[in-house]
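Colleague: Could you pick one buried spot in this model and take me through what surrounds it? I would like a single connected account, with the cut-offs given as you go.

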Amino acid sequence: MSSLTLYTNSMSRGNTVDLLFKLLDVPYQRIELEYGEQMHTAEYLAINPMGKVPALVDGEHIITETAAICVYLADKFIEKGLAPAFNSPQRAAYYRWFFFTAGPIEAAFTTHAMGLQLDEAQQKMSGFGSFKRVMDCLETGLSNAAPYICGQQLTAIDVYVGAFLLFMEKINFIENSAVINHYLDTLKSHPKFAKSIVS
C-alpha cells in the first residue's frame, strides 16, 4: 500500500495534484472530503489547521498548498522526468513560475473574481499590483516557453500553470490571448498530458 495519501475534493485545487499523479503514474490513496464538517474534524485539522484541501501525507510528513505538493512530488519521483535536475539552470524558471502562480496570480485572480479594484496606493502595497500587470507578466513568461516553461521538458510547473489556465478557460473567467492559447495547445498536444486531462 502506498504511503502517499491525498486529502482532496473533486471541486478543489486538488484536481491539479490528481493530474500530476496521473502523469507520475505512482500509487496513492485518495480521500475525498466534503466541504464543511469533514474538513474541520479534529483529525483533519491536525493535518491541515487551515481546514482546506488539498493536503498530502507521506508517512510522517505533511505537505499542504497545491504548489508545494506539486514540487514535493515531482522531486520525490524525479526519475519520472517532471522536474528539472537539481543542478539544472532550468530550476530558476521552475521555481520562479511556481511561486509567481501560487502568489501574485492566485491573489490577483481572487481579487478580480470578487470585483475588487485596487487604487494606485493599494496596488503599491499588494504583492501583485494589478490584475493586468499579473496577466502581462504571465504572458511574457509563456511567450518565452520553448515550448514548455522549462524548455523542451514538460515539468510539474506546466501541470500547475496549465491546470490553472484550463480551469480559467472552462469557467470563461478570462479571454485567452494568442500567447495563452498557443501554450495550452502545446500542452494539449503532449500525449501524456492530453490523456491525463480527459481520463
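**Around Thr66**

Modeller: Thr66 counts as buried, because its relative accessibility is 8% (buried is under 20% relative accessible area, exposed over 50%, partly exposed in between, with a 1.4 Å probe and protein chains only). This is a predicted model, in which local features need pLDDT of at least 70 and side-chain atom pairs count only at pLDDT 80 or more, while totals for chains, interfaces and linings use all residues. Residues are numbered from 1 along each chain as its sequence is written, and side-chain values use heavy atoms, with hydrogens and water left out.

Thr66 belongs to helix α3, which spans residues 66–76 (helices are DSSP runs of H or I with at least four residues, strands are runs of E with at least two, and numbering starts at the N terminus). Eight of the eleven residues in α3 are buried, so the helix is mostly covered. Besides Thr66, the buried residues of α3 are Ala67, Ile69, Cys70, Val71, Leu73, Ala74 and Asp75. Their cover includes strands β1, β3 (55–58) and β4 (61–64), together with helices α1, α4 and α7.

For Thr66 itself, leaving aside residues up to four places away in sequence, the contacts are Arg13, Thr16, Val17, Pro54 and Tyr160 (contact means heavy atoms within 4.5 Å). Several of these partners have features of their own.

Take Pro54 to begin with. Pro54 sits in the loop between α2 and β3, and the peptide bond that joins Val53 to Pro54 is cis, with omega about 5 degrees. Most peptide bonds are trans, and most residues other than glycine have a negative phi. Glu65 has a positive phi, near 75 degrees. Glu65 lies in the loop between β4 and α3 and is partly exposed, with a relative accessible area of 48%.

Val53, Glu65 and Thr66 meet again at the second largest pocket, where they are listed with Arg13 and Lys52 as the residues nearest the centre. A pocket is found on a 1 Å grid over the protein atoms alone, as an open set of points where a 1.4 Å probe fits, with protein on both sides within 12 Å along at least five of seven lines; lining residues have an atom within 4 Å of a point. The second largest pocket has 18 lining residues, and α3 and α4 are the elements that give two or more of them. Its volume is about 490 Å³, meaning the space filled by probe spheres set on grid points that are joined across faces, edges and corners. By class, the lining has nine nonpolar, five polar and four charged residues (nonpolar covers Ala, Val, Leu, Ile, Met, Phe, Trp, Tyr, Cys and Pro; charged covers Asp, Glu, Lys and Arg; the others, Gly among them, are polar).

Two or more lining residues come from each of α1 (14–24), α4 (91–113), α7 (156–170) and α9 (191–198). The biggest share is that of α7, with eight residues. In this lining, 13 residues are nonpolar, eight polar and six charged.

The structure has ten aromatic pairs (rings of Phe, Tyr and Trp, the last by its six-membered ring, pair if their centres lie within 6.5 Å; planes under 30 degrees apart are stacked, over 60 edge-to-face and the rest tilted). One of the pairs is Tyr7 with Tyr44, which is tilted because the planes stand at 50 degrees, with the ring centres 5.5 Å apart. Tyr7 is in strand β1 (residues 4–8) and Tyr44 in helix α2 (residues 42–45), so this pair links parts of the chain 37 residues apart. Tyr7 is buried at 15% relative accessible area, and Tyr44 is buried at 3%. The strand that holds Tyr7 is also part of the cover over the buried residues of α3, which brings the account back to the helix of Thr66.
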